[in-house]
Each structure stands twice: as structure tokens, then as C-alpha cells.
Amino acid sequence: MPNEERRHTICVLVDNEPGVLARVIGLFSGRGYNIESLTVSEVDRARSLSRINIVTSGNRYVIDQIKALLDKLVPVHSVQDLTVEGPHVERELALVKVLGDRERLVQALRIADFMHARLVDSSPGSLIFELTGTPEELDAFIDLVQPVEVSRAGVVAIGRGGIILEPGEPEPGEPEA
Amino acid sequence: MTAPRETLSQPADVVTATGAQVVLRALVDQGVDVIFGYPGGAVLPIYDELFKQDRIFHVLVRHEQAAVHAAEGYARSTGKVGVVLVTSGPGATNTVTGLTDALMDSVPIVCLTGQVPTHMIGNDAFQEADTVGITRPCTKHNYLVSRPEDLARVIHEAFSVARSGRPGPVVVDLPKNILMGSAPYVGPEAARRRSVAVRRRPDRERIRQAVELLARAERPIFYVGGGVINSGDRACELLRELVRRSGAPITLTLMGLGAYPADDPQYLGMVGMHGTYEANMAMHDCDLMIAIGARFDDRVTGRLDRFSPHSRKVHIDIDPSSINKNVPVDVAIVGDAGEALAAMLEAWSALGEEPRRSRMDAWWEQIRRWRAVDSLRFRPSRDVIKPQHAIRRLWELTRGMDPIVTTDVGQHQMWAAQYFHLFAPRRWLTSGGLGTMGYGFPAAIGAQIAHPDRLVINISGDASWVMNMQEMSTAMQYRLPVKIFLVNNEYMGMVRQWQDFFHGSRRAESYMAALPDFVKLAEAFGAKGLRATHPDELDDVIREMLATPGLVLADIVVDKVENVYPMIPGGAAHNEIKLCPEDDGPHEPVSEEGMVLV
Ligand SMILES: Cc1ncc(C[n+]2csc(CCOP(=O)(O)OP(=O)(O)O)c2C)c(N)n1
């Protein structure tokens with residue numbers, strides 16, 4: 001169904017230069033597309049390349065439009081839609097702070113234990129957990145421990161097996177008819 | 001698109017000069033012969049270098065917005081990149097309208113802006129503006145040069161970005177210390193950036209599909225836009241050949257006018273809000289639409305959910321993001337229009353047997369009936385000059401002179417599109433996407449600079465023209481014989497028309513009170529001023545305008561309240577097009593959805 005809204009995870013390899021993030025964000029804000037999550041970091045120092053992971057949603061035409069517009073940006077080397085291209089791994093990291101009395105904190109420790117969250121700080125009356133997982137796993141943990149404060153890193157993603165994002169000559173995509 | 005110029009490049013020979021010298025050398029190596037600019041503190045080093053050389057001709061405009069429009073006029077009338085040079089702060093911010101105009105209408109521009117020295121950026125220094133921040137959404141790309149070693153490469157890259165793929169404006173922001181310090185020079189070859197690569201060759205299989213659809217269609221239409229003109233004269237020739245061989249009708253967008261000769265029997269006139277009845281009805285009823293270098297703009301499609309409901313659609317465009325943006329298509333072909341047309345002609349020849357023309361007989365019969373409606377008719381008058389008549393006479397009296405026509409925005413623009421027929425590309429310069437009042441006169445200046453011996457006419461409106469009338473000085477300084485044909489209705493006519501149609505005739509602020517005496521105004525600048533107020537005077541004034549050497553302003557005082565027809569009101573479909581009524585009675589109310597549209 002071309003008109004069905006879907007969540008897409010899009011990875012973009014860009015030159016690590018000033019303004020590149022502003023260009024990507026401006027493309028979304030200027031056209032009213034939404035960004036659910038965005039992460040950026042340098043991934044290849046020698047070639048000065050950064051990778052931007054974007055989670056967005058839209059119907060097929062909107063997503064095609066987003067990819068085509070990203071591809072047109074001069075500092076963009078390649079664009080990969082992992083949701084379309086196939087199996088991939090998505091991870092997100094969260095720091096989660098819980099406040100409360102002993103009983104509350106013990107209960108949080110128990111939940112953390114069975115959901116594989118790591119205790120990274122313990123102060124009087126407060127605990128901080130670190131959890132890595134899919135966004136859904138993070139949601140579930142946060143739901144259970146009822147934290148006072150959450151800091152999430154946003155989704156990072158990578159294709160499985162031979163699905164590789166490389167800076168190679170970008171052949172501008174042929175939109176599907 | 002013109003091919004990148006062959007340039008003498010010697011990447012090996014890296015010479016060092018001042019930044020300003022590097023800028024000029026890069027411009028020369030890019031084949032630049034003219035720049036449109038306005039000086040100021042931050043760019044004085046470049047002006048100093050300009051003073052010392054004679055390879056690049058600098059045209060001093062009177063406002064930086066006009067510099068960009070003039071560069072657009074130069075670019076669109078030649079196919080080359082237009083170059084602008086302005087100072088920091090207000091010089092740069094004044095270019096924003098022109099840059100946005102060039103972005104919307106795919107005009108290749110390189111705009112060099114001065115900037116405060118790098119160590120002062122961010123300090124709110126005198127005449128500092130965040131130029132790359134401000135121009136990011138209105139350029140194809142922009143650069144702030146912060147290291148001398150990047151300077152030459154960035155300027156070369158700016159040119160290749162501006163002219164590659166779908167052309168557009170590029171800003172290069174130049175801090176003054178970079179211009180004054182020393183910088184190495186590298187030639188254009190050193191600046192190849194892979195990510196600027198654009199797909200030009202279309203997919204063969206999809207071309208074949210498109211041609212098969214065309215060979216079978218009973219009600220086909222070509223819908224062609226400015227992309228074919230940007231592709232080059234060859235693309236326009238191939239278009240003519242394909243249209244003639246296929247026997248299908250063709251319509252053009254406002255930006256496409258001139259890509260196909262207006263007197264050809266297969267041409268239906270312009271499509272869209274003020275397009276002809278036959279073009280809009282044919283777009284609505286066709287069974288196959290072949291869109292080439294056109295972007296399904298809302299002024300063309302009208303109401304989207306009722307746009308051409310029965311057709312298969314093929315879309316050829318060099319910009320993948322233009323495809324499936326507003327209208328989903330059946331066959332999407334990314335590539336250069338000229339390459340795609342050549343491939344289609346080849347595929348047409350390979351069809352085996354020539355498709356039977358008779359399959360389109362009923363279609364052409366239908367088109368003949370639509371044409372008989374004569375949608376461009378207007379009520380003539382013996383007492384007042386009808387604006388449509390004025391433009392028609394201007395066209396008739398300049399036939400054979402192959403003029404370049406520029407327009408401003410409003411009713412006169414639509415009448416020019418309807419009554420000033422064009423037969424070849426790059427003769428029609430108008431602000432289509434942005435609809436920028438004040439575009440026409442500076443664009444005419446740019447076109448006249450590029451074509452000193454051609455007839456260049458600026459068809460304008462009284463409100464639009466005063467927005468950049470300071471450029472009279474520019475035209476006088478360079479002895480540019482631009483002919484200004486002012487369709488003077490004392491109103492912002494298009495605004496008045498919408499108020500009369502959609503806002504109960506409440507003409508809020510659309511009357512142009514206190515207009516100058518345009519004849520005296522022209523004389524004040526040292527130009528020739530003429531006026532026609534009665535139909536009997538019209539032809540003589542046009543003839544005198546054409547016969548007078550130098551800059552002429554002809555004030556054509558026309559019917560104050562004439563309306564543009566046909567018209568597809570906002571929110572309506574093509575087949576709801578309104579024709580010129582026998583009497584200008586009250587207008588039917590527009591739907592609420594329609595009212596919010598611009
Ligand atoms: C810079 C700018 N401001 C406002 C508008 C909105 N607008 C569109 S047409 C028009 C009136 C133009 O009047 P005029 O130049 O006299 O031409 P006419 O319609 O009378 O032929 C206006 C104000 C615009 N297109 N551009």
C-alpha cells in the first residue's frame with residue numbers, strides 16, 4: 001500500500017564538514033517531514049566521513065522524496081534505507097535514573113537484572129541504569145521502572161551481512177514506479 | 001544544460017596569489033566574462049583586482065536583488081552560469097529573493113558574498129550576517145571558505161554544482177582576511193567532487209515502456225516544462241521531432257514557453273491556471289501524459305485528487321526528487337531531457353511498424369471542438385486599450401525581430417504568456433516558481449548585456465515595475481536599449497482580480513495611488529518616455545518604441561479592471577475552467593478549501 005505510513009530507518013554517509021547536520025535537519029523541517037530520532041558521529045577519520053542515522057515515518061512517496069532530497073545534498077555520499085534494503089540491527093542506548101526509597105530501588109534493580117540493564121551509578125536514594133537494546137526494549141524497561149529522568153541516544157543501525165553503506169560513487173536512485 | 005566548458009587546467013602548477021586574485025583567476029578559468037555586483041567593505045579586495053584587469057566585465061546594479069535577477073536573465077538567455085558579487089551583511093541579505101527565485105526556477109547562479117574576517121565571525125561585527133545560515137534553504141548548496149587552501153577548489157566546485165543536474169544557485173561566502181591573505185591556486189580539474197555526479201542517461205527499458213505506451217495511446221499528450229530548455233537547444237529540436245513523429249498534441253508550462261513553436265498545429269497552448277481551454281481539457285481527459293522537465297506544480301495541476309484521472313503518466317526529469325512528489329506516476333525516468341528524447345526517438349524507430357495515426361482521430365476531433373471555444377477571446381474596445389490587445393499588437397509588430405521577452409508578475413505576465421507567442425527557447429524570461437515582482441526589468445538588463453544586438457522587451461505592470469525601477473540607472477550607464485512595455489492599469493491587477501472574484505470586490509490596498517508620471521520618470525533618467533492612452537495611439541507608440549535607439553519606457557494606459565481568462569480557480573479541477581463571461585457579473589463563490597490556496 002503506497003499510502004500507508006511506515007517507520008523507516010535511513011542511514012546517510014556524509015562529509016564531516018560544518019553545516020552538514022543543519023542541511024539534513026533543514027531538509028526535514030523545511031518540508032514538514034518528521035524526525036523521530038537522529039544520531040550523528042564521525043565514523044571514518046581518514047576520509048573525514050560521518051554517519052547520520054535517521055528514523056522517520058511517512059508513506060512510500062514521502063520516504064522516496066526524503067531519500068531523493070538527501071541524495072541531492074552535496075556533502076552526502078550515500079543513502080541507505082535499511083527498512084527497505086533488508087535485515088539489519090538497530091540499537092539504542094538509554095541512561096535511566098530512578099529515585100525512591102529502598103524498596104523502590106531494590107525493585108528497580110530486580111527489573112534491571114532480568115532486562116540486562118547495567119547499574120552505572122548509585123547515590124543515596126537514586127540509581128542510574130544503562131540499557132542498550134532496540135527502541136522497544138528501552139520503552140519496555142522505562143515503562144517498568146518509572147524513572148524520573150531518561151536520556152536516550154537515538155537509534156544507530158547497521159545492515160546485516162552484505163548490506164554495507166559505502167561512500168562509493170552514488171548512482172542517483174531510480175524511483176520505483 | 002550546457003556541457004561544462006573545456007578549461008585549461010594545470011593542477012600540477014599550484015601558484016600562490018592573494019585570495020582576491022585567486023577568485024578572479026578561478027572565474028576566468030570557469031569562462032566567466034560578466035559579473036553583476038555591488039561593492040562594499042568586505043569585497044573591496046575583489047573590486048581592487050577587478051579594477052586592474054579587463055577580462056571580466058563588471059555590471060554595477062543599483063540593488064543587490066537586481067544583481068541576482070540580472071544574472072538570472074543572463075543565465076537563462078545564454079545557458080551559461082550567471083555570476084553575482086556582493087558585500088557582506090545587507091549586500092548578502094538583499095540577494096535572498098533572487099536566490100530563492102533562481103532555486104525555484106532552476107537557474108544556474110554563483111553568488112559570491114563578502115564576509116567579515118574569520119576571527120570576527122560570530123561577534124556581531126559590523127555588516128556581519130550568517131550568510132550561509134540565511135541562504136542554506138534558498139541555494140542548491142553554499143560554502144563559507146574558512147581556509148585559503150580551499151578557496152580555488154570551492155569556487156570551481158560552486159560552478160559545477162550550479163550547472164549540474166537540475167541547475168540552481170550556489171553561494172560562496174568569502175571572509176575578507178581570506179581575500180587579502182595569500183592562497184594557492186588550483187585549476188577546475190582539482191575540484192571534481194564525486195557526490196555532485198548526476199544521472200544523465202535514462203534507463204533504456206523504461207524508455208521502451210514509455211514509447212510503447214505512446215505508440216498505443218488513443219488520447220496522448222506531451223506536457224513539457226523548462227527542464228527541456230535547460231537541457232539545451234538540441235533537446236528542443238528532439239522534442240519537436242518526437243512530437244511530430246508521434247502525432248500527439250503538446251502543451252507547455254509557463255517555464256517551458258518557447259521549447260516548442262507556438263504556431264505548430266500540434267501545440268495546444270499553455271497549461272495551468274491561466275492556460276488555454278484545450279490544453280487543460282486535454283490534460284484532464286488524456287489517457288497518456290508524457291511529462292518532460294516539468295514538475296507538476298500546483299499552478300499546473302489544479303486540484304490534485306482530480307488531476308488527469310484517466311491517464312497513465314510517464315515522467316522524465318533529471319531531478320529524482322521531482323518525480324512522484326505531487327503526482328504519482330507509472331513510468332519514472334531519471335535523466336537528462338535531451339538524452340531521454342534521443343532514446344525515445346530511437347525506440348520509436350525500433351517499433352517495427354509505424355503506429356496507426358487514425359487511433360487518435362477521435363482525440364484530435366475532440367481537441368478541435370475545444371479549440372473552437374476560443375478561450376483566449378476577449379471583449380474588444382474602441383475607447384480603452386485592452387491589455388490583451390496591447391500585448392498582441394506588440395507581438396505582431398515585433399514578428400521577425402526574434403525578441404527576448406521578460407515579464408514581471410501579475411496579469412500582464414499571464415497575458416504575455418497567452419498572447420506573445422514564442423517559437424524558440426531562451427526568449428522567455430519570467431519568474432514562474434516564486435512569482436517575484438520586480439524580476440523582469442533587471443532580468444532584461446542581464447539578457448541585454450548577454451545579447452547587445454538583440455531586441456529585449458520587458459513587459460511589466462505598474463506595481464511590479466516600481467519594485468526595481470532604480471535599475472534605470474544601470475541600463476543608462478551601460479547604454480542598454482531595453483524596451484519597457486508597461487501595462488499600466490493603476491492596480492496590482494492580479495490582486496484586484498482575486499479580490500473581485502473571491503473577496504466580495506473589496507479592493508483592499510490594491511490600488512496604486514500616487515504612481516509617478518512614467519514618461520517624466522524615464523526622462524529624469526535620461527531615457528525616452530512614451531505614452532499611449534487610446535487604442536488609436538497604440539501601434540504608433542509601439543513602432544516609436546522599437547525605432548527609438550536606447551532605453552525606452554512605453555507607458556501603455558490600459559483598461560483598469562480587465563480580468564485574465566481562462567481561469568481555473570484555486571481548488572478546482574482542470575475541467576472546471578472558467579471562460580471569459582459575456583458580461584463580468586458576480587463570480588460564483590470558491591470552495592473554502594480553494595480559498596486557502598495562493
Ligand atoms: C514581491 C511580491 N510581492 C507581492 C506579490 C503578490 N502579487 C502578485 S501579482 C501582484 C500585483 C502585480 O501588479 P502589477 O505589477 O501592476 O501587474 P498587473 O497584475 O496589474 O498586471 C501582487 C502584489 C508578488 N507576486 N511578489
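Me: Is Arg393(B) buried or exposed?

Reply: Arg393(B) is buried, at 18% relative accessibility. Buried means under 20% relative accessible area, exposed means over 50%, and partly exposed is in between, with a 1.4 Å probe and protein chains only. This is a predicted model, in which local features need pLDDT of at least 70 and side-chain atom pairs count only at pLDDT 80 or more, while totals for chains, interfaces and linings use all residues. Residues are numbered from 1 along each chain as its sequence is written, chains are lettered from A and ligands numbered from 1 in the order in which they are written, and side-chain values use heavy atoms, with hydrogens and water left out.

Me: Which side chain does Arg393(B) meet in a salt bridge?

Reply: That of Glu396(B), at 2.4 Å from N to O. A salt bridge here is a side-chain nitrogen of Lys or Arg within 4 Å of a carboxyl oxygen of Asp or Glu. Glu396(B) counts as partly exposed, at 34% relative accessibility.

Me: How many residues apart are Arg393(B) and Glu396(B)?

Reply: They are 3 residues apart in helix α16 of chain B, so about one helical turn separates them. Helices (H or I, at least four residues) and strands (E, at least two) are DSSP runs, numbered from the N terminus.

Me: Which residues do salt bridges that share partners join into one network?

Reply: Arg147(B), Glu149(B), Asp150(B), Arg153(B) and Glu157(B).

Me: And how many salt bridges over all chains?

Reply: The count comes to 45 by this rule. One of them is between Asp264(B) and Arg244(B), whose side chains meet at 2.8 Å, N to O. That pair links distant parts of the chain, 20 residues apart: Asp264(B) sits in the loop between β10 (250–252) and β11 (267–270), and Arg244(B) in helix α11 of chain B. Asp264(B) is buried at 9% relative accessible area, while Arg244(B) is partly exposed at 39%.

Me: What about Glu562(B), which residue does it form a salt bridge with?

Reply: Lys386(B), with the closest N and O atoms 2.9 Å apart. Glu562(B) is in the loop between β20 and α24 and Lys386(B) in the loop between α15 (361–372) and α16 (387–397), so this bridge ties together parts that are 176 residues apart in sequence. Glu562(B) has a relative accessible area of 6% and is buried. Lys386(B) is buried as well, at 9%.

Me: Back to helices. At what angle do the axes of α16(B) and α17(B) cross?

Reply: Roughly 45 degrees, and the axes come within 9 Å. Axes are lines fitted to C-alpha atoms, for helices over the stretch in contact, and angles run from 0 to 180 degrees between N-to-C directions. The two helices, α16(B) and α17(B), are therefore oblique to each other. Under 35 degrees counts as roughly parallel, over 145 as roughly antiparallel, 65 to 115 as roughly perpendicular and the rest as oblique. The crossing of α16(B) and α17(B) is right-handed; a crossing is left-handed if the near helix is turned anticlockwise from the far one by less than a right angle, and right-handed if clockwise.

Me: How many residues of α17(B) are buried?

Reply: 9 of the 9, so α17(B) is largely enclosed by the rest of the structure. Among them are Trp415(B), Met414(B), His412(B) and Tyr419(B).

Me: And how do α11(B) and α14(B) cross?

Reply: Helix α11 (residues 233–246) and helix α14 (residues 337–349) of chain B have axes that come within 9 Å and cross at roughly 30 degrees. That makes α11(B) roughly parallel to α14(B). The crossing is left-handed.

Me: Backbone next. Which residues other than glycine have a positive phi, and where is the cis peptide bond?

Reply: Most residues other than glycine have a negative phi, and most peptide bonds are trans. Arg426(B) has a positive phi of about 65 degrees; Arg426(B) lies in the loop between α17 (411–419) and β16 (428–429) of chain B and is buried at 13%. Ser505(B) has a positive phi near 60 degrees, lies in the loop between α21 (493–502) and α22 (518–524) of chain B and is partly exposed at 42%. The cis peptide bond joins Tyr565(B) and Pro566(B), with omega about -5 degrees. Pro566(B) is in the loop between β20 (552–557) and α24 (592–595) of chain B.
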